Amino acid sequence: MRRLPLTLSICSTLALACAPAAGQDETPPGEPALVEHRDAPSIIVDRALHDFGSILDEDPVETRFTFVNEGSATLRILKVDVSCKCVSVPAFTEECKPGERGEIVVRVNPRGRDPRLSQFVTLTTDDPERPTVRLDIRAEVRTVVIVSPRAAGFGTVEKDQVAEATIHVAGRTEDFRIIEAVADNPDLIRVEVGETHLHEFEGEPEPLRRTELKIRLLKGAPVGLVRQFITVRTNDPRRERLRVDAIATVVGDLEVLPDRLMLGSVIIGESIEREIVIRSRSGTPFTIRDVRNATPDPDACILTVTPVANPDGAPPNAYTLTLKITMPEHGRAVRGHLTIQTNVDREWTKSVTYGASPRRRHAPTEAAPLPAPSR
């Protein structure tokens, strides 16, 4: 019983000795904790957008963005990206000390761009608060020579039918005129240069001198897509030569239905048949001279050509092609290409692609045995 007071006295002494040390580690009430400060750059750009306003598409334009490093460490421009090939950055300040200014030169080539140009430049920096900075570029681009519409589109044209289209070419000089306009193939496309008059364009402050071009697609155009280029020569030295497209889809007399035959899946070892009809839309008799079948599996395909008889006994103006495919045992898809040769002018050949995929026959499911009757 006499040892208990001694033990308590020793513990109290140790507690009092430790109390000051513990108090020294604690932050006094009402005082903020100390935070470690690190130097860092901070980029501030003079503006985020530059609008060039109305510009011509002939000459490049450029502007300068300035920025200041308001941080306490050196600012570095790590990378510069542009949104379009028409935008370039020929020069920029790569490093900028605290308090110093830098600049970024942005150049725009508006040649061939949309009237409303909207692009941007992206800067990658080591600023922890602004690692990327976007600089927007805008402009209203006006062409030195206006072509409307930009191409002479004839649309769908029947074979041996003449089609016409009109385009207008306008210039900004007081004496603007078209010297010459010629197609690559004058025997197929004929261009007539009309008179020049003043014309008011929307968005233009003053009327412009405009010339009408009448473009004619002549007989003898090949069946299918026809695309010719028209070279236009002007007296404006800034745009002495222009190229205008002339486009037409010439439809022939022969029609193939269908021109693409997909037979779906066929069980291996079984056969499937489909018909292809080739006919004259005008009812003119014609002859199929030959049909060539290009396929890796010629033994799997049987083709039969049958003329469609006319009630009056006239020569046929339509044929039925029956294609029979027997799916081979190798289990690969059967694909091929039919080339139909005819005696029709500029429709000497017609094409049909076909294909079928294999499918295996499912084995019959065996019935489960009946349970034995309970006794």
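Modeller: The model is predicted, so local features need pLDDT of at least 70 and side-chain atom pairs count only at pLDDT 80 or more, while totals for chains, interfaces and linings use all residues. Residues are numbered from 1 along each chain as its sequence is written, and side-chain values use heavy atoms, with hydrogens and water left out.

Colleague: Why is the pair of Phe-286 and Tyr-319 called edge-to-face?

Modeller: Rings of Phe, Tyr and Trp (its six-membered ring) pair if their centres lie within 6.5 Å; planes under 30 degrees apart are stacked, over 60 edge-to-face, the rest tilted. Here the centres are 5.1 Å apart and the planes stand at 65°, so the pair is edge-to-face. The structure holds one aromatic pair.

Colleague: Are Phe-286 and Tyr-319 buried or exposed?

Modeller: Both are buried, meaning under 20% relative accessible area; exposed is over 50%, partly exposed in between (1.4 Å probe, protein chains only).

Colleague: What makes Arg-243 lie over the face of Phe-229?

Modeller: A charge sits over a ring if NZ of Lys or CZ of Arg is within 6 Å of the ring centre and within 35 degrees of the ring normal. Arg-243 is at 4.0 Å from the ring centre and lies over the face. Arg-47 lies over Phe-65 likewise, at 4.3 Å.

Colleague: Why do β11 and β13 stand at the edges of the open sheet?

Modeller: The order is β11-β17-β16-β13. Strands are DSSP runs (E, at least two residues), numbered from the N terminus, and two strands pair if DSSP finds at least two bridges between them. β11 and β13 each have a single partner strand, so one side of each is left without a neighbour in the sheet. β11 pairs with β17 in the parallel sense over seven bridges.

Notes
Helix = DSSP H or I, 4+ residues; strand = E, 2+ residues; numbered from the N terminus.
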